[in-house]
Amino acid sequence: MLEIKDLYKSFKEVPVLKGISFTAEKGDILGILGSSGVGKTTLLRCINNLEKCDRGTIKITGEFLCRDINEKSMYSSKKEILEIRKKLGLVFQSFNLFPHMSVLENVIEAPVNAFNMNKEEAAKNARAVLKSLNLLEKADSYPYQLSGGQKQRAAITRALVLNPDILCFDEPTSALDPELREGVARIIQDISENRVILLITHDVSFAKRVCSRIIFIDNGEIIEDRLKDDFFTNPLEDKSKNFINA
Amino acid sequence: MRYVITLMPSMLQGLFTTFNIFLITLLLSIPLGILAAHSRLSKIKPIAKFTEFYILIMRGTPLLLQIVFVFFGLPLIGITFNRYSASIFAFVLNYGAYFGEIFRSGIESVDKGQYEAALVLSLKPYKTFIRIILPQTIKRVLPAAANEVITLVKDTSLVYIVGLGELLRAGKIASNRDASLIPLTLVALFYLILTGLLTKIFMNLEKRYSYYL
């Protein structure tokens with residue numbers, strides 16, 4: 001479903017990603033772990049085409065977002081990228097809800113204005129998802145009226161109604177109180193069927209609770225890629241050991 | 001009182017011209033301003049540079065001179081306007097530049113995350129601008145735009161230079177003829193009422209946009 005091969009990315013000559021490769025299949029909840037500044041967010045941004053990588057291949061549900069040709073990433077055409085984009089969803093760390101729109105309007109914006117869905121149908125669908133995430137009573141509220149947890153559920157709903165094959169979360173627990181983390185963990189597990197979930201976090205207990213597999217990144221490279229239980233019970237590298245026990 | 005009533009026909013005629021220039025300038029210069037803001041932020045360098053130059057000229061020279069140039073100067077290269085169109089043309093160009101800078105500051109103040117959210121939701125660039133960026137920009141630029149609009153009301157008096165009979169000119173003629181300050185006081189009152197109304201309209205607009213933070 002998701003194939004990353006030999007990904008490189010530098011910012012102004014400073015290498016951030018140095019040859020990242022991994023694959024993920026339906027049902028995977030992939031935790032991307034690592035300290036701040038090791039390239040986790042850049043990786044997620046490359047996958048979502050918010051950054052262009054320098055070298056390497058990204059393949060999403062069988063289609064190339066970019067492919068490596070002579071050590072250079074060649075991107076697909078705009079039209080093809082538009083199609084690939086429909087398979088991706090991203091929940092931002094700061095949610096990036098549209099402040100001038102209600103929760104419902106936020107959620108139906110893309111279905112109606114990018115996917116030409118009928119407004120009533122989109123709203124019906126949105127309400128169903130809002131209900132399942134326990135946010136229906138806030139459908140007509142504006143983002144500033146929501147708590148952190150509610151904002152996040154609104155952002156998840158907004159991504160979820162587009163039914164992406166690969167859904168990415170950037171630091172999903174960073175804006176939440178500890179008691180809300182369990183709720184998010186449950187939501188993520190509930191929606192992981194039939195899709196890949198990628199989540200960046202440095203919240204060890206959250207990763208332990210929710211992920212099925214862990215990719216540990218250090219200094220732009222993957223130093224461990226293992227099933228969750230293996231990783232947490234028997235980390236192979238000192239860096240990951242320290243990280244887990246910190 | 002009777003004197004005031006005798007002044008009314010010429011005053012109202014002047015007011016009509018003033019209001020006309022004001023309204024047409026406003027209706028044309030705001031879209032021009034949005035376009036200018038867009039071009040100024042364009043990634044295509046020549047477009048951005050050209051717009052920068054346009055804004056420099058418009059803000060760097062007096063509006064009065066610009067009206068003179070349009071009316072008396074452009075005919076020299078074969079472009080002729082009547083008094084009214086020349087005034088409107090100069091006003092729209094001038095206010096378009098000022099609105100352009102106001103809108104640019106508004107557009108730039110919208111968080112980058114809003115563009116990225118729109119992008120990952122597959123919204124096309126023009127929909128992103130119209131539906132996501134512009135509404136947030138309008139809310140932010142309302143106070144600055146209100147200033148500009150109120151200045152415009154008073155700037156309309158500059159069209160006297162090409163001989164158009166607007167409100168202030170009507171007042172001055174009457175004042176000189178009758179050696180009285182009453183016509184000018186009346187003019188002041190008219191301007192005050194106009195700007196008062198506009199202030200109210202902008203306050204309402206701000207209130208309308210205050211439904212979110």
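Let's begin with helix H1 of chain A, residues 40-47, which lies across strands S1, S2 and S4 of that chain. Relative to S2(A), helix H1 runs at about 60°. Keep in mind as you look around that this is a predicted model.

Five strands of chain A make up an open sheet, and reading across it gives the order S2-S1-S4-S5-S6, with antiparallel pairing. At the edges you will find strand S2 (14-24) and strand S6 (73-75) of chain A, each of which pairs on one side only. From one strand to the next, the twist averages 20°.

For a look inside the sheet, follow strand S1 (residues 2-11) of chain A to its partner, strand S4 (residues 55-60) of chain A: the two run antiparallel and are joined over five bridges. Within chain A, you can pick out A:Lys5, which stands opposite A:Thr57 in S4(A).

A further helix of chain A, H2 (residues 78-85), also packs on the sheet, where it touches S4, strand S5 (63-68) and S6 of chain A. The direction of helix H2 makes about 125° with that of S5(A).

Now let's turn to where the two chains meet. The contact draws 19 residues from chain A and 17 residues from chain B. On the side of chain A that touches chain B, the elements giving two or more residues are H2, strand S7 (88-91) and helix H3 (103-113) of chain A. Of these, H3(A) gives the most, with three residues.

How values were computed: Residues are numbered from 1 along each chain as its sequence is written. Chains are lettered from A and ligands numbered from 1 in the order in which they are written. This is a predicted model: local features need pLDDT of at least 70, side-chain atom pairs count only at pLDDT 80 or more; totals for chains, interfaces and linings use all residues. Two strands pair if DSSP finds at least two bridges between them. Helices (H or I, at least four residues) and strands (E, at least two) are DSSP runs, numbered from the N terminus. Axes are lines fitted to C-alpha atoms, for helices over the stretch in contact, and angles run from 0 to 180 degrees between N-to-C directions. Two residues are in contact if their C-beta atoms, placed from the backbone, lie within 7 Å.
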